[in-house]
Amino acid sequence: MKTVAELDHEVNQAILSGRALEAFETHYADDVVMQEPGVEPFVGKDRNRAREQEFFASVEDFHGAELVASAVDGDTTFSEWMWDVTLKGVGRIRMEQVARRRWKDGKIVHERFYYTKG
């Protein structure tokens, strides 16, 4: 079985190579909980898959992403990101984001995002 560090690296590399939805299918648990700042958590893979698909469908133009830093502490991982995208009806945004993931049995069971947009 792969280590949490190896699994997290796979997810991050998939995101960087445009395969985020593929990583979602293979690395997220069926009962995954995902949480954005200031809102209640979204529970379950089906609900979160729909949210992910909706987000990617809203991207009009992708200008780039950078994995700034990452860290692993036991079954918890952190990834710091810089995003530059144009969203339909919103315009171009640059976002600094930290994704905190908790892993269990080789799958992400909880992911929480912290970010600023500008």
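These legends describe close-up views of a predicted model.

**View 1. The buried side of helix H2 (residues 20-27).** Ala-20, Ala-23, Phe-24 and His-27 are buried in this helix. They lie on the same side of H2, because they cover an arc of only 105 degrees around the axis. An α-helix has 3.6 residues a turn, so residues three or four places apart point the same way.

**View 2. The largest nonpolar core, with 16 residues.** Val-11, Ile-15, Tyr-28, Met-34, Trp-103 and Ile-108 have the most contacts inside it. Two or more residues each come from helices H1 (4-16) and H2 and from strands E1 (28-35), E4 (76-87), E5 (91-104) and E6 (107-117). H1 gives the largest share, four residues.

**View 3. The surroundings of Met-34.** Leaving aside residues up to four places away in sequence, Met-34 touches Phe-24, Tyr-28, Pro-41, Phe-42, Asn-48, Arg-51, Glu-52, Glu-111 and Phe-113.

**View 4. The salt bridge between Asp-8 and Arg-101.** The closest N and O atoms are 2.6 Å apart. Asp-8 sits in helix H1 and Arg-101 in strand E5, 93 residues apart. Both residues are buried. A network of salt bridges links Asp-8, Arg-101 and Glu-111. The whole structure has nine salt bridges.

**View 5. The salt bridge between Glu-36 and Arg-51.** The N to O distance is 3.2 Å. Glu-36 lies in the loop between E1 and strand E2 (42-43) and Arg-51 in helix H3 (residues 45-58), so the pair ties together parts that are 15 residues apart in sequence. Glu-36 counts as buried, because its relative accessibility is 18% and the cut-off is under 20%.

Terms used:
Residues are numbered from 1 along each chain as its sequence is written. This is a predicted model: local features need pLDDT of at least 70, side-chain atom pairs count only at pLDDT 80 or more; totals for chains, interfaces and linings use all residues. Side-chain values use heavy atoms; hydrogens and water are left out. Buried means under 20% relative accessible area, exposed over 50%, partly exposed in between (1.4 Å probe, protein chains only). The arc is that of the directions from the helix axis to the C-beta atoms. A nonpolar core is a set of buried Ala, Val, Leu, Ile, Met, Phe, Trp, Tyr and Cys residues joined through side-chain atoms within 4.5 Å. Contact means heavy atoms within 4.5 Å. A salt bridge is a side-chain nitrogen of Lys or Arg within 4 Å of a carboxyl oxygen of Asp or Glu.
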